[in-house]
Amino acid sequence: MLDPSPMSEERRAALIRAYDLAGYRESGCLDDLAAFAAELCQTPVALVSLVEEETQRFLAAIGLDADQSPRDTSFCAHAMVGREATMIVPDARTDPRFADFSLVTGPPHIRFYAGARLLSHEGVPLGAICVISPEPRPEGLTPFQQRGLEILATAVMGRLQDRRAQREHEATVEASEARVADSEQRFRTLADTMPQMVWSTLPDGFHDYYNARWYEFTGMSDGSTDGEGWNGMFHKDDQERAWARWRHSLKTGEPYQIEYRLRHRDGTYRWVLGRALPIRDGEGQIIRWFGTCTDIHEQKLALEEREIVSQELSHRIKNIFAVISGLIAFAARSHPGFAGIASDLRDRITALGRAHDFVRPHSAQSRPKARQDSLHGLLGDLFEPYRDDDDTRIRLAGDDVPVDDRSATPLALLFHELATNASKYGALSVMTGHVDLTVERRDAMVSLCWQERGGPLLSAPPAQTGFGSQLVELSAVRQLGGTVAREWRSEGLVVSIDVPLAAFSRPAGTGPCR
């Protein structure tokens, strides 16, 4: 990681503007990385903080409702310019830099802090990804946690840099396409100075122009790729796909966009992003196509590497669930009186592990059969232990709803508790009993009705509720923002849960960028 370089606040502010971060928190594009940081370091709060001249703005926040705070009380302002990649404060009360901060002496009563700095590719400090706890932690972070936090900082900057690069690229393409309308000569002059490969075709798709960058990249002679000769430059496994996509654009007039491998002058194949837009006359008829090819090979490899890291970290989290379950079992054997509680706790951890394994990044070999964004798929996986030889004891019906990593944990806890209680005291405690779970989507709300049938007859509701009932309330109300209503019918318990649709998954296009 680069050392932070000195820079005036004015120049630094200009660099921050280049990332175009307005509305970034609302998009939730970094929520998964912040949530993972909190899970990795076992803290209730995790932030992705952008430190500006007067304030620090939170691009993602887990466990904290505020969207910004003053810079003069910012831990991240110190972390981003420190000599080490990660700044760790075991107990802020004993650190003279922070002991008098209002965030330490008052809410949220920060004690432990660890932040990995965020550096632009120019080496300019932008902020930090940090984890916070109200409890001091003398031991700080484990080497694995610290390394993981630094990897997450790299992942954050990767996403921000992708956004910046895309913005700069789109601005370049828009500027180029605006100028080509003036004259063919001005277009050729401009295109030959661009770092991207530029080409154009007649309305029927006949390629009649490539800029100097195309010939420099491919090593082909002028005119040798005119007409349909361009398709022979693609990797053999991409030729039919690229040609079919181009024919579709020619037929429909839709913009052309595709990623494919293009033969470099040294004989290797590099990934490029191909784009093209039609130019229309006043009557709407296409008079020409203008397109670009952008070398994205390094970006493609970086994305694949980040995906591998993400899969590895998720795999290790799954192993942590297994280790925790083992520790609980070990403790239960040493303390027999703890056995009942240990069993319940181990089952809850298993349910969380199932939810994590369902939504975590997967390889092609490990990916679940059900769609990973499916509520039915998640619940079907969670209820698998209740399936007998003929059919599941819990019958799921109704609408499917998209889910993501944010809602999987509370949903797993919620329905695990209902199923566990039904197994102990309700319909699933006898062989003849079953449960009907119906999902109904109504506009901006989703209703889930859990109805037990065929179990022991109920004469009255229980005199008091236990921890499991409290956990149901916590998951449905506090974490998902919904409501819970119970009806103790003689034939079985009925639980009605209403949850806002937005709590199940982020809007399309604003989910985590893996």
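**Reading salt bridges and a sheet**

Modeller: E259 is partly exposed, at 31% relative accessible area. Keep in mind that this is a predicted model.

Biologist: Which residue forms a salt bridge with E259?

Modeller: Start with the general idea. Side chains of opposite charge can pair when their charged atoms come close. Here the partner of E259 is K300, with the closest N and O atoms 2.6 Å apart. E259 sits in strand β9 (residues 256-263) and K300 in helix α10 (residues 297-334), so the bridge ties together parts that are 41 residues apart in sequence. K300 is partly exposed too, at 21% relative accessibility.

Biologist: How many salt bridges does a search of the whole structure find?

Modeller: The search finds 18. One of them pairs D208 with R288, whose closest N and O atoms are 3.1 Å apart. D208 belongs to strand β8 (residues 207-210) and R288 to strand β11 (residues 286-295), so this pair ties together parts that are 80 residues apart in sequence.

Biologist: Is R288 buried or exposed?

Modeller: Buried means under 20% relative accessible area. R288 has 17%, so it counts as buried. D208, at 29%, is partly exposed.

Biologist: What separates R213 and E216 within their helix?

Modeller: About one helical turn: they are 3 residues apart in helix α8 (residues 212-218). E216 is partly exposed, at 46% relative accessibility.

Biologist: Now the sheet. In what order do its 6 strands run?

Modeller: Read across the pairings. The order is β3-β2-β1-β6-β5-β4, in an open sheet with antiparallel pairing. The edge strands, β3 (68-70) and β4 (86-89), each pair on one side only. On average, neighbouring strands are turned by 25° against each other, direction ignored.

Biologist: How many bridges join β1 to β6?

Modeller: There are 6 between β1 (residues 45-51) and β6 (residues 125-133), and the two run antiparallel. To trace one, take L50: its bridge partner in β6 is G127.

Biologist: Which strands does helix α1 lie across?

Modeller: Helix α1 (residues 9-18) lies across β1 and β6, at about 75° to β6. Helix α3 (residues 31-41) also packs on the sheet, touching β1, β2 (55-62) and β6. The direction of α3 makes about 75° with that of β2.

How values were computed. Residues numbered from 1 in each chain as written. Predicted model: local features only at pLDDT ≥ 70, side-chain atom pairs only at ≥ 80, totals over all residues. Heavy atoms only, no water. Salt bridge = Lys/Arg side-chain N within 4 Å of Asp/Glu carboxyl O. Helix = DSSP H or I, 4+ residues; strand = E, 2+ residues; numbered from the N terminus. Buried < 20%, exposed > 50% of the residue type's maximum accessible area, 1.4 Å probe, protein only. Pairing = 2+ DSSP bridges. Axes fitted to C-alpha atoms, helices over the stretch in contact; angles between N-to-C directions. Contact = heavy atoms within 4.5 Å.
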